[in-house]
Number of protein chains: 2
Amino acid sequence: MFTLHPTLERDSLPIVEDDDLVLRLINDARYPWVIIVPKVPDIRELHELSEPMFDKIMALVRHVGGVMTTAFAADKINTAAIGNMVPQLHIHIVARREDDAAWPAPVWGVGEMQPLEQGEVTRRVSCIRDGLGLS
Amino acid sequence: MFTLHPTLERDSLPIVEDDDLVLRLINDARYPWVIIVPKVPDIRELHELSEPMFDKIMALVRHVGGVMTTAFAADKINTAAIGNMVPQLHIHIVARREDDAAWPAPVWGVGEMQPLEQGEVTRRVSCIRDGLGLS
């Protein structure tokens with residue numbers, strides 16, 4: 001049985017979900033930042049995914065990267081599966097700009113998260129859903 | 001025409017190469033760390049890869065992650081395409097241990113690289129080549 005890890009639940013907001021995965025927006029005003037979490041219990045590593053699930057997750061990584069580049073005028077997309085602290089496989093996709101709070105460093109472990117205002121949550125979620133062709 | 005970026009050339013050593021990609025060992029004693037560089041000129045982003053090339057690169061990411069877990073008794077694999085500073089698409093795969101120099105932080109931008117001794121280069125390259133089933 002899959003349950004979203006409480007840290008990921010606390011730090012993120014739903015964008016879309018299906019039987020295999022959840023896509024969520026990290027609640028941080030500093031960067032447009034999403035995570036994809038495969039609904040597979042008890043795995044930490046990309047290579048622990050079955051091949052079909054790996055292919056599905058990676059296809060979404062590719063799609064979301066393109067969507068976020070356009071939607072947020074990103075200078076660079078940063079994609080990563082790290083998970084040293086949260087032991088549930090999750091893949092980060094972050095739209096970076098050369099004037100953002102951490103550039104050119106990666107975002108992980110830099111400063112404090114800045115919660116989004118509700119209007120900006122709605123705007124970011126809509127941009128990503130629209131880009132993915134969801135209604 | 002593809003040419004390996006000079007920073008990646010300087011910081012890494014060859015493991016294996018084919019028509020589509022190079023797999024190289026980062027010259028840093030602190031962690032077993034490799035990069036995969038698709039031989040595609042002038043791209044910075046995963047989503048700029050063609051679908052067949054993306055699939056091939058990702059299949060190798062998956063394979064190498066499993067191999068490095070076993071070969072280096074990794075507690076966690078960290079996988080990332082960042083590229084904020086080096087503008088040539090490259091994917092990092094790092095075998096992390098809970099007692100390594102940066103744990104639990106990501107490795108990027110932490111401390112100074114520590115060049116490998118030749119014996120350790122040979123050992124790491126052999127472990128990875130053997131794990132991948134290369135002679």
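Analyst: Two strands count as paired if DSSP finds at least two bridges between them. Helices (H or I, at least four residues) and strands (E, at least two) are DSSP runs, numbered from the N terminus. The model is a predicted one: local features need pLDDT of at least 70, side-chain atom pairs count only at pLDDT 80 or more, and totals for chains, interfaces and linings use all residues. Residues are numbered from 1 along each chain as its sequence is written, while chains are lettered from A and ligands numbered from 1 in the order in which they are written.

Chain A has three helices and five strands, and along the sequence they follow the pattern α-β-β-β-α-β-β-α.

The sheet is open and has ten strands in the order β1(A)-β2(A)-β3(A)-β5(A)-β4(A)-β4(B)-β5(B)-β3(B)-β2(B)-β1(B), with antiparallel pairing. Its edge strands are β1 (12–17) of chain A and β1 of chain B, each of which pairs on one side only. From one strand to the next, the twist averages 20°. For this and other angles, axes are lines fitted to C-alpha atoms, for helices over the stretch in contact, and angles run from 0 to 180 degrees between N-to-C directions. Strands of a sheet pair through backbone hydrogen bonds, either parallel or antiparallel.

Now the single pairs. In chain B, β1 (residues 12–17) and β2 (residues 21–26) run antiparallel and are joined by five bridges. L13(B) stands opposite L25(B) in β2(B). These two strands, β1(B) and β2(B), form a hairpin with three residues between them. In chain A, β2 (residues 21–26) pairs with β3 (residues 33–38) in the antiparallel sense over five bridges, and V22(A) stands opposite V37(A) in β3(A).

Helices lie against the sheet. α2(A) packs on the sheet and touches β2, β3, β4 and β5 (91–96) of chain A, and its direction makes about 15° with that of β5(A). In chain B, α3 (residues 118–131) packs on the sheet and touches β1, β2 and β3 (33–38) of chain B, at about 25° to the direction of β1(B).

The join between the chains comes next. β4(A) and β4 (residues 76–81) of chain B pair in the antiparallel sense over three bridges. Here A80(A) stands opposite A80(B) in β4(B).

The contact between the chains takes 28 residues from chain A and 28 residues from chain B, where two residues are in contact if their C-beta atoms, placed from the backbone, lie within 7 Å. On the side of chain A that touches chain B, the elements that give two or more residues are α2 (51–71) and β4 (76–81) of chain A. α2(A) gives the largest share of that side, seven residues. The residues of that side divide into 14 nonpolar, nine polar and five charged; Ala, Val, Leu, Ile, Met, Phe, Trp, Tyr, Cys and Pro count as nonpolar, Asp, Glu, Lys and Arg as charged, and the others, Gly among them, as polar.
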